[in-house]
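Subject: Structure handover

Hello,

Here is the structure I said I would pass on. Please open it next to this message, and my notes follow below.

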Amino acid sequence: MCLRKYKIFVIFVMFIAVFSFISCSDDDNDNVTPVDNTPEETVFIYMPYSGNLYSYFLENIKAFETAITNNAGLGRKRLMVFISTSASNAYLYEISYNNGICVHDTLKNYYFGSAEYTTSSGITSILEDVMTESPTDKYSMIIGCHGMGWLPKSVTTRAGYKPAKRIEGAHQTRFFGHSSNSTYQTDITTLAEGIKATGVKMQYILFDDCYMSNIETAYDLREVTDYLIASTCEIMIEGMPYAYIGKSLLDHDYKGVCDGFYAFYSAYSPPCGTIGVTDCSETENMAYIMRNINTMYPDGLSDTDDIQILDGYSPAIFFDFGDYVAHLCQDASLLSTFNTELEKLVPYKANTDTYYSEYTNKQKAITAFSGLTISDPSQNTDHSVVEAKTQTNWYYATH
């Protein structure tokens with residue numbers, strides 16, 4: 001072979017080799033799945049003005065950051081916080097994880113002239129700010145403040161929730177809105193209206209407040225959240241143990257949330273903690289069953305002494321839902337239907353052997369626990385409960 005032909009042959013071979021390499025490289029790239037770093041969910045922590053809880057809110061946030069750090073980040077989640085520093089001032093910021101630490105990025109400062117955050121339009125506006133800053137496919141909401149269950153702020157219970165004179169030595173508890181001033185309180189129906197106006201349905205709403213795990217609240221929120229996570233009783237001033245449950249909240253591991261809550265409060269002094277996770281999609285089915293039960297037993301119960309009470313009021317306001325129906329319904333088949341549905345309604349729950357109330361500064365035994373309370377049997381007229389309970393959406397649906 002002459003030298004010229006040899007050089008042409010070598011160049012041809014090299015060309016084929018390079019072409020083959022490029023083709024193989026392209027094939028390999030075609031088989032590589034690109035990493036999707038697009039956030040899939042925004043978790044929104046909402047901490048409106050609540051009187052004495054600001055310093056505890058800051059500790060709650062630190063605890064959540066501990067969970068984030070232990071988890072080496074948020075994964076494909078974003079975490080936004082709205083926190084009030086006073087009755088008229090608040091700010092919105094994002095918590096992100098960078099180089100082993102959690103950092104805050106302030107997104108907006110708020111000034112409120114008339115507690116707009118207690119109105120449905122005000123809540124909608126704040127949520128829309130969150131959604132503008134963090135446009136993800138899914139949203140979940142954590143609400144930290146004081147809470148009084150389903151009771152409207154117009155009744156005297158909400159305005160006078162705390163004892164006029166604190167019992168000496170009593171442990172502090174927290175409970176949606178301000179502790180005593182109705183100007184800074186929010187009704188559950190108002191919250192539901194505010195969320196619904198955004199067009200978003202929450203994955204879960206967690207109330208870091210007292211008495212919020214009740215069937216009346218769950219029914220009011222059925223169109224705006226998949227799950228309700230809350231305590232049936234007063235929750236201690238420290239609130240939810242986010243260092244224990246933060247990762248489970250990010251992962252939507254509701255059993256893990258209950259397990260972490262129990263681990264913290266079973267070791268608390270005094271041991272006292274109750275939590276329930278309610279599947280709000282089951283509330284309509286439960287309402288249908290309860291309508292049948294109430295039709296069969298229209299007079300309710302004349303004696304409530306043996307029903308599990310889960311508050312410190314006298315007369316009691318919050319009764320264990322399952323235990324109430326067990327006493328009310330004497331039809332075995334209908335009661336079985338109720339219990340089967342109750343397991344679907346509250347798939348996860350946890351409780352210590354006792355609960356605590358700041359009202360009495362006492363622990364009381366828990367012998368029956370379903371993860372939800374109901375106020376149907378309450379005879380409390382001092383706090384307008386007897387009248388107010390008949391005005392709830394739950395009562396209309398079941399009587």
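A word on naming before the notes: helices (H or I, at least four residues) and strands (E, at least two) are DSSP runs, numbered from the N terminus. One caution too: this is a predicted model.

**Loops and backbone**

Start with the loop between helix H8 (254-266) and strand S10 (274-279), where Pro 270 sits. The bond joining Ser 269 and Pro 270 is a cis peptide, and its omega is about 5°.

Now go to the loop between helix H9 (283-296) and strand S11 (319-320), which holds Pro 315. Here the peptide bond from Ser 314 to Pro 315 is cis, with omega near -5°.

Which residue has a positive phi although it is not a glycine? That is Asn 99, with phi at about 55°. Look for Asn 99 in the loop between strand S3 (89-98) and strand S4 (101-111).

**Helix packing**

Two packed helices are described by the angle between their axes and the distance between the axes.

Take H2 and H7. Helix H2 covers residues 54-70 and helix H7 covers residues 242-251. They pack at an angle of about 60°, and their axes are 7 Å apart. That makes H2 oblique to H7. The crossing of H2 and H7 is right-handed. From H2, the contact uses Asn 60, Ala 63, Phe 64, Thr 66 and Ala 67. From H7, it uses Tyr 242, Ala 243, Gly 246, Lys 247, Leu 249 and Leu 250. Sorted by class, the contact of H2 with H7 has seven nonpolar, three polar and one charged residues.

Next come H3 and H5. Helix H3 spans residues 120-133, and helix H5 spans residues 188-196. Their axes come within 7 Å and cross at roughly 45°. H3 and H5 are therefore oblique to each other. Their crossing is right-handed. H3 brings Ser 120, Ile 123, Thr 124 and Leu 127 to the contact. H5 brings Thr 190, Leu 191, Glu 193, Gly 194 and Ile 195. The contact of H3 with H5 has four nonpolar, four polar and one charged residues.

Last, H9 and H11. Helix H11 is residues 332-345. The axes of H9 and H11 come within 10 Å and cross at roughly 155°. How do the two helices run, then: roughly parallel or roughly antiparallel? Angles over 145 degrees count as roughly antiparallel, so H9 and H11 are roughly antiparallel to each other. H9 passes H11 in a left-handed crossing. On the H9 side, the residues are Thr 283, Asn 285, Met 286, Ile 289, Met 290, Asn 292, Ile 293 and Met 296. They meet Leu 334, Thr 337, Phe 338, Glu 341, Leu 342 and Leu 345 in H11. The contact of H9 with H11 divides into nine nonpolar, four polar and one charged residues.

**Pockets and a cavity**

The largest pocket holds about 200 Å³ of space. It is lined by 13 residues. The closest to its centre are Asp 299, Gly 300, Tyr 324, Asp 376 and His 399. By class, the lining of the largest pocket has six nonpolar, four polar and three charged residues.

The second largest pocket holds about 170 Å³. Which residues line the second largest pocket? They are Trp 150, Pro 152, Asp 187, Ile 188, Thr 189, Asp 220, Ala 388, Gln 391, Thr 392 and Asn 393. This lining divides into four nonpolar, four polar and two charged residues.

Finally, the largest cavity. It has about 30 Å³ of space. Ser 231, Cys 233, Glu 234, Met 236, Cys 272, Gly 273, Thr 274, Tyr 355 and Tyr 356 line it. Five of the lining residues of the largest cavity are nonpolar, three are polar and one is charged.

Best wishes

Terms used
Residues numbered from 1 in each chain as written. Predicted model: local features only at pLDDT ≥ 70, side-chain atom pairs only at ≥ 80, totals over all residues. Heavy atoms only, no water. Axes fitted to C-alpha atoms, helices over the stretch in contact; angles between N-to-C directions. Parallel < 35°, antiparallel > 145°, perpendicular 65-115°, else oblique. Left-handed = near helix turned anticlockwise from the far one by under 90°. Contact = heavy atoms within 4.5 Å. Nonpolar A, V, L, I, M, F, W, Y, C, P; charged D, E, K, R; others polar. 1 Å grid on protein atoms, 1.4 Å probe; cavity = no way out; pocket = protein on both sides within 12 Å on 5 of 7 lines; lining within 4 Å. Points joined across faces, edges and corners; volume = space filled by probe spheres on them.
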